[in-house]
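This report describes selected strand pairings, salt bridges and aromatic contacts in one protein model. The sequence and the structure are shown first.

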Amino acid sequence: MAGVIFSQTLPVQAASGEDAMKLWYEQPATEWTKALPIGNGRLGAMVYGGVQLEQLQLNEETLWSGGPHCYDNPEAYSHLSNVRKLLRAGEYIQAEDEAQKMMGIPVKQMAYQPLGDMLLMFPQGEKTSGYRRELDLATAVSTVSYSIGSSFGGVNFTRKTFASNPDNAIVMRLESSRKGQLSFDLLLTSPHDVTSTVLAGDKLLMTGQVGPRKERGLIGPWEGEGMKFAAQVKVVAEGGTVTEQGDKISVRDANAVTLVYVAATSFVDWQDISADPIERVNAQLADVEGKSYDELYQRHIEDYAPLFDRVSLDLGGANAEPDLPTDERLKLVAEGASDPLLAEQIFQYGRYLMIAGSRPGSQPLNLQGIWNGTVNPPWCSKYTININIQMNYWVAEVCNLSELHEPLLRMVEELQAPGALTAKTHYNADGWMTHHNTDLWRGTAPVDGAQWGMWPSGGAWLCQHLWEHYLYTGDVEYLQWAYPIMKGSAEFFLSDGVLIENENGFLITSPSISPEHSHGGTTKDGLSIGRAGTSLCEGPTMDQQILRDLFANCIQASEILNIDESFRADVAETRAQLQPMIIGRHGQLQEWMADWDNPDDPHSHVSHLYGLYPSAQINPADTPELFDAARTSLIQRGADDGWPGAWRISLWARVGDGNRAFDMLNNYVAHGLTDNLLNGGRVFQIDANFGATAGIAEMLLQSHNGVINLLPALPGAWPDGSVKGLRARGGFEVDMAWKDGVLTEATIRSLNGNPLVVRYGEILVEKELSKGDVFNWDDK
């Protein structure tokens, strides 16, 4: 097909199953983008694997700048009417300037912070040999191994590091092949003001506090002090000596050493930072007291493996070249090769990162997950909710990690209270809402500038995740919890004056933007607006799509729960009055009400294609003309790496074009990965990792609009393969295998007892199943 690059496949040799899920390298990491991430949902670390200097760059998920703060602007509502008048008159520059007066205070939100580094300084020794650094995705263990000395008198050294969720700690085990060979100094450092103290000769405590954040001369007006934090590491040596050396611990001539690292902050919740982090780390270490390394390791594996092992994927990687380090595999793909083993690893890496970064009770994954090494990270490493954080969690349900969705769902609940204040202060409306960004302090006011922040639909999109969790689980008790949150979001848009009539009598949002895309529009007189970056508008297509979903979900949820009949009728009436989607002069789905789309502008955002994916309101069965228009838009927007490319994988999968979806994955998204497989083509953002995993799943299995679709977008590059454990909406678990591009077997397990409707190609099968029943495709 035109525009698709078919790639040469790497040489074929048998790869051992034991190594299939290992990222590995023949040299230490020399920079952050080469280090390997580990995490337990709360603590994150980047492991460098040095020989003379081992470095673990450390994060704790609640260490942010600032403090509890309301960003609302009490003057915002007084400018709303004038902004709308200017937009209706086509005065977009003036409208955006006026909307700037509605921005939150301050106009920038706070930033996720690094906690510091744990450094192990080893004696300068002889040249090493046999160096290997790896991350085993199947066990979530990072291993460094090497030898020093001659082959007869040399010593083999091994370091294993993992982040334990059950023991709330990062554990490192150092071993050598001969007794008395382990000597190093241990030090904790931080970019913040800290004090380090050695306790009882074998524990190193570091305490500190984040100061006021300064950016472009701005000092945030939050109340009270910055976040306090503490980190503590305990040294358990077998043989040798452990002594205090000022602000560090020295280990000499040990046979083996176990390090147990814990960390905490003063964070209680988004309104309270009064906890004592020192008490917390003391309690955490006390909880692991008396547990051997083997016990800690076993508890870690028993927690992690049942999650990771739920899904397996074979795209032919067993036949890939086994002796190539991961960084070399990436280079060959960048040169045009196809590597099915690397594709399998990219898929499972997204699942690994979800398990490592998002656990029930933790904070949601931010723009960098839980891994950040700088005090001024790109876009503050916060929660951008106009695509990025949603993309992070596209993995959770379909990839059988449903319970790891909880941090995001809980954040949506927490946004209700500040979002209700913003709704009232900025729009004089009921319900709750949020704009395009939030942070640890659950800011909901518009920030960053009107051309980015004046978007009222962030909360409504987040509510789609509440509904998706129900669709996959069928948990009615959960729906009773989620429905009031969804209802509150709908109530905002039902409030008088929030949605307004356009010139054709349809309801629209105003002011708004199509996220982060300048429309390049014209005035009422047809003249160019004349300023690059102007994005403020009335009724962007994406808003109407999101509201159609929100309203439909509220209607269906209220029917399931048999409540709110009158509210349901109001929602249905309003939904029927929303501005319909429009096909433009280039045959494209219009991004705005006006036909401003530029077919020669391959912009990264494709916000108006929300209706195609992750929504399913645009599809070939129900809306064939809009489906064709969406495909035209997708072609016109071109290819990209990073998160834009990752979104396009799923979009092309929804179109049913597996070869184009593979092209996005192999020839764009993979090219933007750094040596450690994290997305970093421009700057590090973790969303593309999750988006790529979700995209691969979407190529193999789709389950929207009541139908499970098997292999809907299988590319020619994966002619033979299998997948086990993917989840489908309606409460199903799916295993499949295929040969020469043709489905050979499929097993579907019913988790809830819902009727099954399954499609493969032109074959549609309907079956009544009870909970626990298994359907085999051969028995159709």
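How many bridges join strand β27 to β31, and do they run parallel or antiparallel? Two bridges join β27 (residues 708-710) to β31, and the strands run parallel. The model is a predicted one.

**Strand β31 and its partners**

Strand β31 covers residues 756-760 and is mostly covered, with four of its five residues buried. Strand β31 also pairs with β32 (residues 763-767), here in the antiparallel sense and through five bridges. One of the facing positions is L756, whose bridge partner in β32 is K767. Two residues lie between β31 and β32, which form a hairpin. In its turn, G761 has a positive phi of about 60°.

**The five-strand sheet**

A separate topic is the open sheet with the strand order β20-β28-β29-β30-β33 and antiparallel pairing. Strands β20 and β33 (774-776) stand at the edges with a single partner strand each, so one side of each has no neighbour in the sheet. On average, neighbouring strands of this sheet are turned by 20° against each other, direction ignored.

The pairings can be followed from β20 onward. Three bridges connect β20 (residues 312-314) with β28 (residues 721-728) in antiparallel fashion, and L313 stands opposite V723 of β28. V723 also stands opposite M736 in β29. Strands β28 and β29 (residues 732-739) run antiparallel and are joined by seven bridges. They form a hairpin with three residues between them, and G730 in the turn has a positive phi of about 95°. Next, β29 pairs with β30 (residues 742-750) over eight bridges, again antiparallel. In that pairing V734 stands opposite I748 of β30.

**Salt bridges**

The structure holds 35 salt bridges.

| Pair | N to O distance |
|---|---|
| E538 and R88 | 2.9 Å |
| R637 and E591 | 2.4 Å |
| R654 and E698 | 2.7 Å |

E538 and R88 form a salt bridge with their closest N and O atoms 2.9 Å apart. This pair links distant parts of the chain: E538 is in the loop between β25 (507-509) and α14 (541-561), R88 is in helix α1 (residues 77-88), and they are 450 residues apart. Is E538 buried or exposed? E538 has a relative accessibility of 13% and therefore counts as buried, since the cut-off for buried is under 20%. R88, with a relative accessible area of 26%, is partly exposed.

In the salt bridge of R637 with E591, the closest N and O atoms are 2.4 Å apart. R637 sits in the loop between α16 (624-636) and α17 (642-655), and E591 in the loop between α15 (565-576) and α16, 46 residues apart. R637 counts as buried at 5% relative accessibility, and E591 counts as buried at 0%.

The side chains of R654 and E698 meet in a salt bridge at 2.7 Å, N to O. R654 belongs to helix α17 and E698 to helix α19 (residues 687-700), so the pair ties together parts 44 residues apart in sequence. Both R654 and E698 are buried.

There is also a network of salt bridges, which links D19, K22, R132 and E134.

W461 counts as buried at 1% relative accessibility, and Y610 is buried with a relative accessible area of 0%.

The ring centres of F492 and F493 are 4.9 Å apart and the planes are at 80°, so this pair is edge-to-face as well. Both F492 and F493 are buried.

Ring pairs also link Y304, F308, Y349 and Y352 into a cluster. The ring of F308 has a charged group over it: the charged end of R351 sits 5.5 Å from the ring centre. Likewise, the charged end of R133 sits over the ring of Y25, 4.5 Å from its centre.

How values were computed:
Residues are numbered from 1 along each chain as its sequence is written. This is a predicted model: local features need pLDDT of at least 70, side-chain atom pairs count only at pLDDT 80 or more; totals for chains, interfaces and linings use all residues. Side-chain values use heavy atoms; hydrogens and water are left out. Buried means under 20% relative accessible area, exposed over 50%, partly exposed in between (1.4 Å probe, protein chains only). Two strands pair if DSSP finds at least two bridges between them. Axes are lines fitted to C-alpha atoms, for helices over the stretch in contact, and angles run from 0 to 180 degrees between N-to-C directions. A salt bridge is a side-chain nitrogen of Lys or Arg within 4 Å of a carboxyl oxygen of Asp or Glu. Rings of Phe, Tyr and Trp (its six-membered ring) pair if their centres lie within 6.5 Å; planes under 30 degrees apart count as stacked, over 60 as edge-to-face and the rest as tilted. A charge sits over a ring if NZ of Lys or CZ of Arg is within 6 Å of the ring centre and within 35 degrees of the ring normal.
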